Amino acid sequence: MPELPEVETVRRQLEPLLTERRIVDAEAHPSPKFAPAVRAVAHRVGGVRRRGKYLLFDLLDGGDTPRELVVHLGMTGGLHVVDAPSPDPYRRARWELDDGRHLVFRDVRRFGRIAVVPAGDHRSLPTLHDLGPEPFDPVLDAGGFHTRLAGSRRRVKTHLLSQRPIAGVGNIYADEALWRAGIHPGARRVGPERANLLLTALRDVLREALDHDGTTLRDYRTVDGGTGSNQFRLECYGRAGSPCARCRTPLTSRLLDQRTATWCPSCQAR
DNA sequence: CGGGGTTCCTGGCCGC
DNA sequence: TGCGGCCAGGAACCCC
């Protein structure tokens, strides 16, 4: 599932392909999750940005106020730039560019979402609107992160997945970072010391995944259809029953707030 | 207003 | 071999 490293990998690949291109035509699946894609027509793409797991395309020259095309890849979404689109039952949107190429949004399970909003107006996307700071924002420090974590009595993993304490962390990297920091995913209080460890672990895990073009478990693909390689480096996510890489205790897995969580019962004791 | 529950989706996998 | 049933899960949405 695309999280920050996967979305950033896609952003970096899209940027040179889309910047300064004009969108000359578009079509989309009729679902309200995808239909807004066509509203990007006639705009020029000023740049491709990312906030958390959201891709933000600056839309200029639309006739009125600047807009933003917002794309969330959901679970199985992918963006691809192709010369000539081939038939695909899972294509949910297609934008034709003024260089003759096409930007295609493919999403088997339709958990993704496309919106066109006035630039910076994210009221229709509550998670984006209330998104926590970027993990690599130097303004974010251990004290600030602890304050954000302490603002909720929810389980720390559930809180991370809400995107409110920090942006871009999903199930894979939450499990990985909590494992590295030695914090139980169900903990409801995380002190300043552990918050510091967790922030460092999150940054390390996300940076390393980005260096490996993300984690391809099944669906995630880069813009050119390639795969990431971080799946070979996972130490916790999806490894229930395997020995912990630190202490050899078998990792355990359980549903926590309706989400699968995997952790080491020894290294990540309550 | 924070938090909890529900819903959207379909391929892959398991077991018989 | 075929097929019913179950699972994965981000974020919008609804409700208290």
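The legends below describe close-up views of a predicted model.

View 1. Of the atoms of DNA strand C that come within 4 Å of the protein, 65% are accounted for by sugar and phosphate. By class, the residues of this surface are seven nonpolar, five polar and four charged. At least two residues of the surface near DNA strand C are supplied by helix 2 (126–129), and at least two by strand 10 (259–263).

**View 2. Side chains at phosphate oxygens of DNA strand C.** An N or O atom in the side chain of His72 is 2.3 Å from a phosphate oxygen of DNA strand C.

**View 3. Gln163 in its loop.** Gln163 belongs to the loop that runs between helix 4 (156–161) and helix 5 (171–181). Its relative accessibility is 6%, so Gln163 counts as buried; the cut-off for buried is under 20%, with protein chains only taken into account. The phi angle of Gln163 is positive, near 75 degrees, in a residue other than glycine. Most residues other than glycine have a negative phi.

**View 4. Surroundings of DNA strand B.** Around DNA strand B are Tyr90, Val108, Arg109, Arg110, Phe111, Ser152, Arg153, Arg154, Arg164, Arg218 and Gln258. This surface has six charged, three nonpolar and two polar residues. Sugar or phosphate makes up 71% of the atoms of DNA strand B within 4 Å of the protein, and the rest belong to bases.

**View 5. Side chains at phosphate oxygens of DNA strand B.** In the side chain of Tyr90, an N or O atom is 2.3 Å from a phosphate oxygen of DNA strand B. The corresponding distance is 2.6 Å for the side chain of Arg110 and 3.4 Å for the side chain of Gln258.

**View 6. Crossing of helix 3 and helix 6.** The axes of helix 3 (residues 142–150) and helix 6 (residues 192–211) cross at roughly 105 degrees and come within 9 Å. The two helices are therefore roughly perpendicular to each other, since angles of 65 to 115 degrees fall in that class. Helix 3 contributes Ala142, Phe145, His146 and Leu149 to the contact, where they meet Pro192, Ala195, Asn196, Leu198, Leu199 and Leu202 of helix 6. Eight of these residues are nonpolar, two are polar and none is charged.

**View 7. Asp213 in the loop between helix 6 and strand 9.** Asp213 is found between helix 6 and strand 9 (252–256). Asp213 has a relative accessibility of 39% and therefore counts as partly exposed. Its phi is near 60 degrees, a positive value in a residue other than glycine.

**View 8. Contacts of Glu20.** Glu20 sits in the loop between helix 1 (4–18) and strand 1 (23–28). With 42% relative accessibility, Glu20 counts as partly exposed. Leaving aside residues up to four places away in sequence, Glu20 touches Arg44, Val45, Gly46 and Asp98. A polar contact of 2.9 Å joins the side chains of Glu20 and Arg44. Arg110 is 90 residues from Glu20 in sequence, and the two are 29 Å apart in space, C-alpha to C-alpha.

Technical notes:
Residues are numbered from 1 along each chain as its sequence is written. Chains are lettered from A and ligands numbered from 1 in the order in which they are written. This is a predicted model: local features need pLDDT of at least 70, side-chain atom pairs count only at pLDDT 80 or more; totals for chains, interfaces and linings use all residues. Side-chain values use heavy atoms; hydrogens and water are left out. A residue is near a molecule or strand if one of its heavy atoms lies within 4 Å of it. A polar contact is a pair of N or O atoms within 3.5 Å; within protein, one must be able to donate a hydrogen and the other to accept it, and residues adjacent in sequence count only if both atoms are side-chain atoms. Helices (H or I, at least four residues) and strands (E, at least two) are DSSP runs, numbered from the N terminus. Ala, Val, Leu, Ile, Met, Phe, Trp, Tyr, Cys and Pro count as nonpolar, Asp, Glu, Lys and Arg as charged, and the others, Gly among them, as polar. Axes are lines fitted to C-alpha atoms, for helices over the stretch in contact, and angles run from 0 to 180 degrees between N-to-C directions. Angles under 35 degrees count as roughly parallel, over 145 as roughly antiparallel, 65 to 115 as roughly perpendicular and the rest as oblique. Contact means heavy atoms within 4.5 Å. Buried means under 20% relative accessible area, exposed over 50%, partly exposed in between (1.4 Å probe, protein chains only).
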